[in-house]
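Work through the following exercises with the sequence and the model at hand, and try each task before reading its solution.

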Amino acid sequence: VMAVCQPGVPVLVAASLMAEDKNPARPASMILMGSPIDTRVNQTEPNRLAQSKPLTWFEQNVIVMVPWPNPGMLRRVYPGFLQLSGFMQMNLDRHVDAHVDQYHQLIEGDGDSTAAHRAFYDEYLAVMDLTAEFYLETVEAVFQKHLIPLGQFRHRGRLVNPGAITDTGLMTVEGEKDDITGRGQTQAAQTLCVNLPDAKRMHYVQERVGHYGVFNGSRFRNKIQPKIRNFIRAQ
């Protein structure tokens, strides 16, 4: 199982519970990529924002109701356009420069570069809404109360113990320049899985990539993906 960013938390929870139950369907390997396992470590701007306001502020200011006639109308969500605007504001100069570069490439007739630009932004701009329940629970449990690293996370009343994982390989991947999930936040899973043998764990930091580069782009394809492939096969 491979989790990118926030899903790393529920994946670690599920793997812990399945390990404790000796569930025969527990994963052979677990890959956590840029996941906020312990957001007390090397805090970033989104981490500080989440801690600066009460949960009620997020519910009142960033949760909206899906309007008619869209699918899911009246459902409460954290809308994709708000997520996207937040991401882009963090590196606005870089995005402006990228579009200026595309303009010059069009003038010069550089079709390959403009196609690559469009392909990147077609994916980067395709952000889904999050359900209000998932978003608010994540803000509270992960970013404000730090329940997993403190050993206090409960699933349906049951205390979650990552120490129960003994035979699921764990690989954590981080980006050197990640300004959303700071370095060390994902690696924290390695510390929590205290009973995992060294042969079943691996941590990798990719140089010169930010959050998005951990799971997308040439360095992901050429550097990170082969390591993930080899780790999965080894397990």
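This is a predicted model: local features need pLDDT of at least 70, side-chain atom pairs count only at pLDDT 80 or more; totals for chains, interfaces and linings use all residues.

Residues are numbered from 1 along each chain as its sequence is written, and side-chain values use heavy atoms, without hydrogens and water.

**Exercise 1.** Determine the strand order of the open sheet of 3 strands.

Solution. Begin with the inventory: the chain has 9 helices and 9 strands, where helices (H or I, at least four residues) and strands (E, at least two) are DSSP runs numbered from the N terminus. Next, apply the pairing rule, by which two strands pair if DSSP finds at least two bridges between them. β3 is joined by 2 bridges to β4 (residues 76–78), and these two strands run antiparallel; V64 has V77 in β4 as its bridge partner. The sheet therefore reads β3-β4-β5 with antiparallel pairing, and its edge strands, each pairing on one side only, are β3 (64–65) and β5 (130–131).

**Exercise 2.** Compare the radius of gyration of the chain with that of a compact globule.

Solution. The radius is taken over C-alpha atoms, and the globule rule is 2.2 Å times the number of residues to the power 0.38. For 235 residues the rule gives a value near 18 Å, and the chain, at 19 Å, agrees with it. Along its principal axes, the C-alpha trace spans about 60 × 45 × 35 Å.

**Exercise 3.** What percentage of the 235 residues of the chain counts as buried?

Solution. Taking buried as under 20% relative accessible area (1.4 Å probe, protein chains only), one finds that 41% of the residues qualify.

Key
Buried means under 20% relative accessible area, exposed over 50%, partly exposed in between (1.4 Å probe, protein chains only).
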